[in-house]
Amino acid sequence: MQRERIFNDFVLKFANVNGSGSASANLMCAKALFRMGIPVAAKNIFPSNIQGLPTWYEIRASEAGHLARREGIDIMVAMNPQSYAQDVAEVVSGGALIYDSSRERAFGRDDIEVIGIPIARMCADEWTNPRQRQLFKKMVYLGALIHLIDLDGDVIEAALADQFKGKEKLIAPNVKALHMGRDHMARKNTPKLRYGARPSDKTEGKIMIQGNEAAGIGCVFAGATVASWYPITPSTSLVEGFEKHADKLRLNENGRMNAAVVQAEDELAAVGMAIGAAWNGARSFT
């Protein structure tokens, strides 16, 4: 018997390895859902900044507009063998687990739908460059979601064009990887997941913004003129947000940005620069 699908009300979580380039692809998924008219609340979870350790990205899609995180994952994209046990345990009964089946695994759950995609093997067959093989894995699983949850592929491709504006040569291989994932699912005639996405109108008149960028705008409107920082997550995107909006909103009579962004050699130096700027009358943050 065909089960009834649940639309625009699910939690989707990506389990990746820190430093694998997953952040931009996962954010692209959240943007695509939002541009389909579905309210989303996304959270990047990184217990460590050390490359190679686990990191997660969680998206709650809720047509009702619920923003708080809730317990239980409806769709888990498990790409990190280190965290498989934890990731599988978080999936609710009746939910779905998507994983890289280039190496077959047993998960010990018979109450969830398990979908294997040979992502690493597909990328190895298509690209010889090791870095490309790693980066394009994320686009392959996004492509699979186009088929599995009816994520709008045209919206994702538009988001790709925005993401790589000024780096147009990167668009074609990313779109290719996207299509590889989508077409693989279609060739296997994989059934749609219980949870799906469909166009809505609940985001009209709203914008989607990351918390750090919002904080950067807040610094501009609070009067900050100097940002001293050391590049590391999560400080990087906050300062980038400050610089981006200061360059538009904080200009002198010559049209140049009337603010300073100073990259220090370490965190202590950044604090020292902020204190020095404040001592000399500037409104600074670090």
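**Helix packing and pockets**

Guide: In this predicted model, helices H4 and H6 cross in a right-handed manner. Their contact involves, among others, Phe-136, Met-139 and Val-140 of H4 and Pro-173, Asn-174 and Ala-177 of H6.

Visitor: By class, how many residues of the contact of H4 with H6 are nonpolar, polar and charged?

Guide: The H4 side of this contact includes Leu-142, Gly-143 and Ala-144, and the H6 side includes Gly-181, Arg-182 and Met-185. Divided by class, the contact of H4 with H6 has one charged residue, four polar and 12 nonpolar.

Visitor: Are H4 and H6 oblique or roughly parallel to each other?

Guide: Two packed helices are described by the angle between their axes and the distance between the axes. For H4 and H6, the axes are 7 Å apart and the angle is about 45 degrees. Angles under 35 degrees count as roughly parallel and 65 to 115 as roughly perpendicular. The relation of H4 to H6 is therefore oblique.

Visitor: How are H1 and H4 oriented to each other, roughly parallel or roughly antiparallel?

Guide: The axes of H1 and H4 cross at roughly 20 degrees and come within 9 Å. Because angles under 35 degrees count as roughly parallel, H1 and H4 are roughly parallel.

Visitor: Which residues of H1 meet H4?

Guide: H1 passes H4 in a right-handed crossing. On the H4 side, the residues met are Lys-138, Met-139, Tyr-141, Leu-142 and Leu-145. On the H1 side, they are Ser-22, Ala-25, Asn-26, Met-28 and Cys-29.

Visitor: How many residues of the contact of H1 with H4 are charged?

Guide: The contact of H1 with H4 contains seven nonpolar and two polar residues. The charged residues in it number one.

Visitor: Is the crossing of H7 and H8 left-handed or right-handed?

Guide: The axes of H7 and H8 come within 7 Å and cross at roughly 45 degrees, and the two helices are therefore oblique. The crossing of H7 and H8 is right-handed.

Visitor: How many residues in the contact of H7 with H8 are nonpolar?

Guide: Residues in this contact include Asn-212, Glu-213 and Ile-217 of H7, together with Ser-237, Phe-242 and Lys-244 of H8. Five residues of the contact are polar and two are charged, while the nonpolar ones number nine.

Visitor: Which element supplies the largest share of the lining of the largest pocket?

Guide: The largest pocket has a volume of about 1,800 Å³. Its lining has 46 residues, and those closest to the centre are Ala-23, Leu-27, Asn-44, Gln-210 and Ser-237. Strands S2, S3 and S4 and helices H1, H7 and H8 each supply at least two residues of this lining. The largest share, seven residues, comes from H1.

Visitor: Which helix gives the most to the lining of the second largest pocket?

Guide: The second largest pocket holds about 260 Å³ of space. Helices H1, H4, H5 and H6 are the elements that give two or more residues to its lining. With five residues, the helix that gives the most is H4.

Visitor: Which residues lie nearest the centre of the second largest pocket?

Guide: The lining of the second largest pocket divides into nine nonpolar, five polar and one charged residue. Of the 15 lining residues, those nearest the centre are Leu-135, Phe-136, Phe-164, Leu-170 and Asn-174.

Conventions. Residues numbered from 1 in each chain as written. Predicted model: local features only at pLDDT ≥ 70, side-chain atom pairs only at ≥ 80, totals over all residues. Heavy atoms only, no water. 1 Å grid on protein atoms, 1.4 Å probe; cavity = no way out; pocket = protein on both sides within 12 Å on 5 of 7 lines; lining within 4 Å. Points joined across faces, edges and corners; volume = space filled by probe spheres on them. Helix = DSSP H or I, 4+ residues; strand = E, 2+ residues; numbered from the N terminus. Nonpolar A, V, L, I, M, F, W, Y, C, P; charged D, E, K, R; others polar. Axes fitted to C-alpha atoms, helices over the stretch in contact; angles between N-to-C directions. Parallel < 35°, antiparallel > 145°, perpendicular 65-115°, else oblique. Left-handed = near helix turned anticlockwise from the far one by under 90°. Contact = heavy atoms within 4.5 Å.
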